[in-house]
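Me: Here is a model I would like to go through with you. I will ask what lies behind the labels.

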Amino acid sequence: MAEIAEKVKIEIAPELTQELKNENQVIVHCMFPAKMDEYYLRIWPTTYLVCKHTQSRAKIIHQENISLVPNWTKVNPSENFFFTLIFEGLPKSCRSFDMIEEIPQSGGFAVRNMIRNNADVYRVVID
């Protein structure tokens, strides 16, 4: 089950931040809460933002601090893990959307009913 995070601090490379100011893109800061054991994470390129009204999809275009399939990122026990996903822009008419990782195995995540904001920057917790 996923929920919206209150505050998550993620640093994005300054050169990427400047590039993003000139683009219509959506930034999602994610946190996986600490687990008791070491674990591994990765993100699939088949992760999308899906507009609830038009069903249009925004593709992931960059990930920060998490590996892309087929590689894995090791997460130490008892540490919250933070990463950032950058997506193509959503249609201007989009008011709410889902973030969905569509994968050919179990374990994909979904964050449902995200409400659009003017900055197109979001913070979520993914369990």
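Me: What makes strand 8 and strand 9 a pair?
Reply: Two strands pair if DSSP finds at least two bridges between them. Strand 8 and strand 9 are joined by four bridges, so they pair, in the antiparallel sense. Ser96 has Ile115 as its bridge partner in strand 9. Strands here are DSSP runs (E, at least two residues), numbered from the N terminus.

Me: What should I know about the model itself?
Reply: This is a predicted model: local features need pLDDT of at least 70, side-chain atom pairs count only at pLDDT 80 or more, and totals for chains, interfaces and linings use all residues. Residues are numbered from 1 along each chain as its sequence is written, and side-chain values use heavy atoms, with hydrogens and water left out.

Me: How do you know that strand 4 pairs with strand 8?
Reply: Five bridges join strand 4 to strand 8, and the two run antiparallel. Thr47 has Glu101 as its bridge partner in strand 8.

Me: Why is Ser96 called buried?
Reply: Buried means under 20% relative accessible area (exposed is over 50%, partly exposed in between; 1.4 Å probe, protein chains only). Ser96 has 13%, so it is buried. Ser96 is found in strand 8, residues 96-101.

Me: Which residues does Ser96 contact, leaving aside neighbours within four places in sequence?
Reply: Contact means heavy atoms within 4.5 Å. Among the contacts of Ser96 are Val50, Cys51, Met114 and Ile115.
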